[in-house]
Amino acid sequence: MHKGFIEMVGFHNRQKRDWLQMPDEIMGAMILQRLDPIEILLSIQKVCRNWGRICKDPAMWKVIDFDYYSSISNTKNDFGYSSYISYPKNDFDYYSYISYTKNYFEKLCKQAVHRSCGELIHIRLRGFGTDDLLDHISRCSSKLNCLRLTSCYDITVRGLSNALKRLPHLETIQLYYFDFRKKEDIEVIGRSCPLLKSFKMWTMMSAGDVYAHAVAKSMPALRHLKLIGIMDDDGVRAILNGCPHLESLHLCRCPSQYRDLDLDLDLDKNLEKLCRERIKDFKYSNL
C-alpha cells in the first residue's frame with residue numbers, strides 16, 4: 001500500500017483504531033479525498049466493500065486533481081516505472097513508457113469524471129491530457145466552475161476553445177504553457193465564459209501585449225488576473241481600462257525564456273501608482 005495512505009490514516013501511530021467503523025462523511029471528506037485519485041481508483045477502493053462504496057459516491061469526485069508528474073515520480077519501482085501500472089512488455093523504451101502511461105492516466109481520469117455524475121466543479125490536470133479528454137470533461141460536467149491545465153501539451157487551442165463553449169459556468173481558469181498564437185485564441189475564452197472571475201495564464205509565446213489587449217477586451221468581469229509573459233505599459237493600461245473590477249493583478253516576466261531580449265519589467269512610475277491605487281493586490285516581478 002502506498003506510503004502516503006499509511007501516513008494519512010495514521011497507521012504509524014501505535015494507538016489501535018478501527019478505520020472501517022469510521023463514519024462515511026469523515027472517511028470520505030477528511031481522509032480518502034486527500035489521496036491521489038490514481039491511488040483511490042487502483043488501490044484504496046479495493047480495501048473493503050465500505051471503502052469501495054464511499055469511493056463510488058459522486059461527492060468524492062466533485063474535485064479532481066490529476067498530476068501525472070507527481071503520481072509517476074511518487075510510485076516508481078526499482079526499474080523506474082510506476083508501480084501502479086501493469087505494462088504489456090518488459091522492454092519498454094522511454095517514449096513508449098510515456099505514451100502508455102499518459103493514455104492510461106487519461107482512461108482513469110475519464111473514470112473519475114464519470115463517477116462525479118455531473119457534480120464535478122473543480123478539475124486540475126498536469127502533464128497529460130488530449131482534446132478528447134477535455135471534450136469528455138466538458139460534455140459530462142455542466143456544473144464545472146474551475147479548470148486548471150498545466151503542461152498539457154497535447155491539448156490544442158482549438159480543443160480548448162471547443163470545450164469552453166460547453167462550460168459557461170466557469171469562474172476560474174488557469175492555463176500554464178499553452179501555445180496561444182493569436183489574440184482570438186484568448187478572446188474566445190472570455191466570450192465562452194461570461195462568468196469568469198479569475199484568469200491565470202503562462203504562455204509560451206512572446207506576444208504578451210497582444211494577449212493583454214485580448215483579456216481587456218473579452219473579460220470585463222474579472223476580479224483576479226495573473227499573466228506571465230512579455231508585456232509593456234500599453235498592455236497594462238489596456239487591462240486597467242478593460243477590467244475595472246480587478247481586485248488582484250499579478251504581472252510576471254520570465255527572462256530565462258528569452259535570454260537575448262531586455263525583459264526587465266519596469267513600469268512607468270505614474271502607471272504603477274495608478275495600479276496600486278485602483279487594485280488592492282498589485283504585484284509585478286521577474287521570475
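Asp65 is partly exposed, with a relative accessibility of 38%, where buried denotes a relative accessible area under 20%, exposed one over 50%, and partly exposed the range in between (1.4 Å probe, protein chains only). The model is a predicted one, in which local features need pLDDT of at least 70 and side-chain atom pairs count only at pLDDT 80 or more, whereas totals for chains, interfaces and linings use all residues. Residues are numbered from 1 along each chain as its sequence is written, and side-chain values use heavy atoms, with hydrogens and water left out.

The side chain of Asp65 meets that of Arg124 in a salt bridge with an N to O distance of 2.7 Å, a salt bridge being a side-chain nitrogen of Lys or Arg within 4 Å of a carboxyl oxygen of Asp or Glu. This pair links distant parts of the chain, since Arg124 lies in strand E2 (residues 122–126) and Asp65 in strand E1 (residues 63–67), 59 residues apart; helices (H or I, at least four residues) and strands (E, at least two) are DSSP runs numbered from the N terminus. Arg124 also forms a salt bridge with Asp67, the closest N and O atoms being 3.3 Å apart, and here too strand E2 is linked to strand E1, with the two residues 57 positions apart in the chain. Asp67 is buried, at a relative accessible area of 12%. Asp65, Asp67, Arg124 and Arg126 are linked in a network of salt bridges, and a search of the whole structure finds 11 salt bridges.

Another of these pairs is formed by Glu119 and Lys143, with the closest N and O atoms 3.0 Å apart. Glu119 is in the loop between helix H6 (94–115) and E2, and Lys143, 24 residues away, is in the loop between helix H7 (131–140) and strand E3 (146–150). Both residues are partly exposed, Glu119 at 26% and Lys143 at 44%.

Helix packing was examined for helix H11 (residues 233–242) and helix H12 (residues 269–278), which pack at an angle of about 25 degrees with their axes 11 Å apart. The helices are therefore roughly parallel to each other, a class that covers angles under 35 degrees. In the contact (heavy atoms within 4.5 Å), Asp233, Val236, Arg237, Leu240 and Asn241 of H11 meet Leu271, Leu274, Cys275 and Arg278 of H12. By class, this contact has five nonpolar, one polar and three charged residues.

Technical notes
Axes fitted to C-alpha atoms, helices over the stretch in contact; angles between N-to-C directions. Parallel < 35°, antiparallel > 145°, perpendicular 65-115°, else oblique. Nonpolar A, V, L, I, M, F, W, Y, C, P; charged D, E, K, R; others polar.
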